[in-house]
Amino acid sequence: MPLNPALTYRDPRAALDFLQAAFGFEPVRVHEGDDGSVVHAELRFGDGLVMLGTARDSGLMAGLGPGAVYVSVQDPDAHHARAVQAGAEIVLPPTDQDYGSREYAASDPEGNLWSFGTYVATA
């Protein structure tokens, strides 16, 4: 079964734009409420999918703080260059880790941590 992280944003429309420009995510679905707010969106990256929506004051995901997502990429240095070009705040430059992965980390405009590297989790 696929694992699909879900994040909420105060400005999900800006998050959609940022995730596309900085990290190369592609929108698959964007569902809007009657007021034009993003109720639910799905963005693809390779074989993975992340879901996002509007932060709410009530409901299941109310009051949750920033999250963190790790995304496996073949070339973290090239991916890092794209993120820098798009203005992403880099919190860890491309680094070779003791466990064999090369990775970097960036925060999005609402404080979620996005890590990209060569590590691939195994089941």
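Mentor: Met 61 is found in the loop between strand 4 (48–54) and strand 5; strands here are DSSP runs of E, at least two residues, numbered from the N terminus. This is a predicted model, in which local features need pLDDT of at least 70 and side-chain atom pairs count only at pLDDT 80 or more, while totals for chains, interfaces and linings use all residues. Residues are numbered from 1 along each chain as its sequence is written, and side-chain values use heavy atoms, with hydrogens and water left out.

Leu 64 lies in the loop between strand 4 and strand 5 as well. Met 61 counts as partly exposed because its relative accessible area is 32%, whereas Leu 64 is exposed, at 53%. On this scale buried means under 20%, exposed over 50%, and partly exposed in between (1.4 Å probe, protein chains only).

Together with Leu 60, these two residues form a nonpolar patch on the surface, with about 350 Å² of accessible area in total. Such a patch takes residues with over 30% relative accessible area and no salt bridge, joining nonpolar side chains (Val, Leu, Ile, Met, Phe, Trp, Tyr) within 5 Å and like charges within 9 Å. A salt bridge is a side-chain nitrogen of Lys or Arg within 4 Å of a carboxyl oxygen of Asp or Glu. The areas come from the Shrake-Rupley method with a 1.4 Å probe, and for residues only the protein chains shown count as cover.

Leu 64 is 53 residues from Asp 11 in sequence and 15 Å from Asp 11 in space, C-alpha to C-alpha.

Methods
Helices (H or I, at least four residues) and strands (E, at least two) are DSSP runs, numbered from the N terminus.
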